[in-house]
Amino acid sequence: YTPWPGIMPLREAIAKKLLEENDLDVDPGSEILVTAGSQGAMLTVMMSLVDEGDEMIIPAPFYGEYRRDMIMAGGKLVPIKTEPENSFEIDPGKLEAAITSQTKGIILVTPSNPTGGIIRRPTLERIAEIAQEHDLYVISDELYERFIFDDFEHVSIASFPGMWERTITLNSFSKCYGMTGWRVGYIVADEALIKAMLPIHHNMSICAPSVSQWAAVAALEGPHDWFDEVLEDYDRRRHAWME
């Protein structure tokens with residue numbers, strides 16, 4: 001077994017990546033939790049954060065694992081329909097209108113699975129304001145952060161003023177590093193939140209696979225130019241569908 005939060009070389013490599021790519025200055029010793037893939041990260045977050053009857057708002061369509069995890073945690077998902085005419089971007093007005101006394105937080109998946117839609121910076125800024133005004137958590141699922149096309153950009157909402165303490169960022173090595181079977185993901189959050197999640201993470205898997213953690217270190221420290229060809233192939237495929 002490794003330490004519950006993951007091996008330190010991996011957490012340090014993740015922290016370096018977050019600083020360089022996501023504008024997040026994170027303490028690898030206390031603000032990163034390595035999990036058995038993003039599935040393990042999602043369930044750990046839900047079981048730690050959600051109480052019986054809590055609601056979490058999520059743009060729809062969405063990845064079905066969130067519904068299953070919320071059911072297991074005793075909570076309820078509140079979907080907000082997004083439209084292809086608006087590139088599947090959530091409407092902050094509709095989001096705010098869906099907030100009730102039971103709302104615990106907002107789940108954002110950008111780029112989105114399954115739509116591929118990206119939440120642009122101005123929309124994220126408004127969502128950040130809403131989260132602070134209503135004292136809500138934000139779960140930011142950023143698994144597809146490198147699948148960006150045209151002039152769009154990926155922005156981590158945790159980097160906005162006032163959002164670090166209330167944002168839980170999820171990521172993994174499955175999609176952007178082609179490591180789906182290696183089962184390595186991670187949670188990035190304030191130290192108090194990570195500390196609360198550790199026992200639940202331990203009960204589910206003790207730790208992410210040790211050999212996979214070292215492979216993830218190699219993935220972060222190695223060359224990344226191979227992904228250019230992958231993205232070009234995805235770009236070709238999406239244009240085939242669009243045409």
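The lining of the second largest cavity is made up, by class, of 5 nonpolar, 2 polar and 2 charged residues, where Ala, Val, Leu, Ile, Met, Phe, Trp, Tyr, Cys and Pro count as nonpolar, Asp, Glu, Lys and Arg as charged, and the others, Gly among them, as polar. This is a predicted model, in which local features need pLDDT of at least 70 and side-chain atom pairs count only at pLDDT 80 or more, while totals for chains, interfaces and linings use all residues. Residues are numbered from 1 along each chain as its sequence is written, and side-chain values use heavy atoms, with hydrogens and water left out.

The residues that line this second largest cavity are Lys 17, Glu 145, Asn 171, Ser 172, Phe 173, Cys 176, Tyr 177, Tyr 186 and Leu 220, and the space inside amounts to about 50 Å³. A cavity is, on a 1 Å grid over the protein atoms alone, a set of points where a 1.4 Å probe fits but cannot get out, whereas a pocket is an open set with protein on both sides within 12 Å along at least five of seven lines; lining residues have an atom within 4 Å of a point. Grid points are joined across faces, edges and corners, and a volume is the space filled by probe spheres set on the points.

Helices (H or I, at least four residues) and strands (E, at least two) are DSSP runs, numbered from the N terminus. Once neighbours within four places in sequence are left aside, Ile 14 is in contact (heavy atoms within 4.5 Å) with Ile 32, Val 34, Phe 173, Tyr 186 and Leu 220.

Pro 61, in the loop between β2 and α3 (65-73), is joined to Ala 60 by a cis peptide bond with omega of about 5°. Another cis peptide bond runs from Thr 110 to Pro 111, with omega near -10°, and Pro 111 lies in the loop between β4 (103-109) and α5 (121-133). Phe 88, in the loop between β3 and α4, has a positive phi of about 60° although it is not a glycine, and with a relative accessible area of 29% Phe 88 is partly exposed. Ser 87, found in the loop between β3 (76-81) and α4 (92-97), has a positive phi of about 55° and is likewise not a glycine.

Turning to the pockets, the largest has a volume of about 790 Å³ and is lined by 27 residues, with Thr 115, Gly 116, Gly 117, Phe 149 and Arg 238 nearest its centre. Its lining divides into 16 nonpolar, 7 polar and 4 charged residues. The second largest pocket, of about 160 Å³, has 15 lining residues, of which Ser 38, Gln 39, Tyr 63, Leu 143 and Lys 175 are the closest to its centre.

Finally, Arg 166 lies in the loop between β5 (137-141) and β6 (167-172), and Arg 166 counts as buried because its relative accessibility is 16%. Its side chain makes a polar contact with the side chain of Asp 135 (3.2 Å), a polar contact being a pair of N or O atoms within 3.5 Å, where within protein one must be able to donate a hydrogen and the other to accept it, and residues adjacent in sequence count only if both atoms are side-chain atoms.

Key:
Buried means under 20% relative accessible area, exposed over 50%, partly exposed in between (1.4 Å probe, protein chains only).
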